[in-house]
Amino acid sequence: MTEFLVRKFVKDYEHTADPRIRTSYGVLASFVGIVCNILLFGVKLGTGIVIHSISVMADAFNNLSDAASSIIGFVGVKMAGKPADGDHPFGHGRIEYIAAFIVAFLVIQVGFSLFKTSVGKIRNPEEMTFHLASVVILFLSIGVKLWLGLFNRKLGKRVQSTVMMATAADSLGDVATTSATIFSLVVFGVLGWNIDGIVGLIVSVAVMVAGINIAKDTLAPLIGQAIDPEVYRQITDFVEKYDGIVGSHDLIVHNYGPSKSMASIHAEVPSEQKIEVSHEIVDTVERDCLRELGIFLVIHMDPVETHNEKAAALREKMAGLLKGLDSRLEFHDFRIVNGTDRVNLIFDLVVPREYNPSMRGTIKDKISEEVQKWDSRLHCVITVENSYCAENPESV
């Protein structure tokens, strides 16, 4: 069904990097969400009124808020697709994050309203009536919301849409809340226990938690988040595949909306290579990166010695030392400055973010102490820094 809708309503659907195609995906997802949620609202509201169930009616208004969320998503995607202008040279992509945050706020508001209503229902229970038809309708609702959640998640991943992923999370959360509503009806029908208010309370908390989680996921790119390890590897591998580039480090990525990023990186080039040659290579990498990855990349060149056997040997020993101290430690910009009575080993040390100032000082002292065991004339000049890449077990 998903692929049928995409092929039917999204022209050139394979070109997901194209902003116009991406907007078409957003319009499709929003329209489908509006239609499905309005239908569910009408059916559930009518069912709730007939059987006098606050949890069913609350579930209905939750669907109405989902329809409003789809409308906001539609507006957000359309505005985010606007091209760059004089005031916004990097486009309007971040509007999509703002739209997703508004969706999260609406979800939280619905959950809070339901919370207050459920508390009142617990204090003053109302009589319920059980109808098998209402349970069947709610089961159909679960099927629709499950499909809608998977539909939005699939499209959201395909075009990297925060709004669609937020809508998907909300829809899948609705599957759980509607299941709880069915549970309360079945308990009443079988045992005669009216737990409608209690279930409504549980549903309200679940809705608010879902809204808070959506808000957290949405605010992260707005505030500025660490680089995803997969993106980090993709960019560094892309830069380092070119002849004349011997390494890279200090990658920073600024996000201006889904599929709209600007990045800077330090590329290591052989010091004996002519600067004109290195500059031409760097220009080529920047142009290719924009064309192939869609990332506006700025490269800073760092000259490194590639034919100095002493430097190569010390670099290898340093790598072994750091691995023995902490396998997460990395270093770059390694160079040797010879003096009359001492030799300075100058480099940048990348440490995990958990390293506090005291730990940073300790690790620097430990490295210097171990290096002097190799040769008393060696002295380390270390600049400690953190990586901008997200830290997780897969990236270590």
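Me: What makes a helix crossing left-handed?

Reply: A crossing is left-handed if the near helix is turned anticlockwise from the far one by less than a right angle. In this predicted model, H2 passes H6 in such a left-handed crossing.

Me: Why are H2 and H6 called roughly parallel?

Reply: H2 and helix H6 (residues 162-191) pack at an angle of about 15°, and their axes are 12 Å apart. Angles under 35 degrees count as roughly parallel, and H2 and H6 are therefore roughly parallel to each other.

Me: Which residues bring H2 and H6 into contact?

Reply: From H2 come Tyr25, Gly26, Ala29, Lys44 and Ile51, which meet Met164, Thr178 and Leu185 of H6. By class, the residues of this contact of H2 with H6 are five nonpolar, two polar and one charged. Gly counts as polar under the rule used.

Me: What makes up the contact of H1 with H2, by class?

Reply: Leu5, Val6 and Phe9 in H1 meet Tyr25, Leu28 and Val32 in H2. The contact of H1 with H2 has six nonpolar residues, with no polar and no charged ones.

Me: How do you know that cysteine 389 is in no disulfide?

Reply: A disulfide needs a pair of cysteine sulfur atoms within 2.5 Å. For cysteine 389 the nearest cysteine sulfur, that of cysteine 289, is 16 Å away, and cysteine 389 is in no disulfide. By this rule the count comes to zero disulfides.

Me: Why do cysteine 380 and cysteine 389 count as buried?

Reply: Buried means under 20% relative accessible area. Cysteine 380 has 18%, so cysteine 380 is buried. Cysteine 389, at 11% relative accessibility, also counts as buried.

Me: Why is leucine 222 called partly exposed?

Reply: Partly exposed lies between the 20% limit for buried and the 50% limit for exposed. Leucine 222 has 31% relative accessibility, so leucine 222 counts as partly exposed. Leucine 222 sits in helix H7 (residues 196-223).

Me: What does leucine 222 touch, not counting residues up to four places away in sequence?

Reply: Leucine 222 touches Arg94, Tyr97 and Ile98. Leucine 222 and isoleucine 95 are 127 residues apart in sequence but 9.8 Å apart in space, C-alpha to C-alpha.

Methods. Residues numbered from 1 in each chain as written. Predicted model: local features only at pLDDT ≥ 70, side-chain atom pairs only at ≥ 80, totals over all residues. Heavy atoms only, no water. Contact = heavy atoms within 4.5 Å. Helix = DSSP H or I, 4+ residues; strand = E, 2+ residues; numbered from the N terminus. Buried < 20%, exposed > 50% of the residue type's maximum accessible area, 1.4 Å probe, protein only. Axes fitted to C-alpha atoms, helices over the stretch in contact; angles between N-to-C directions. Parallel < 35°, antiparallel > 145°, perpendicular 65-115°, else oblique.
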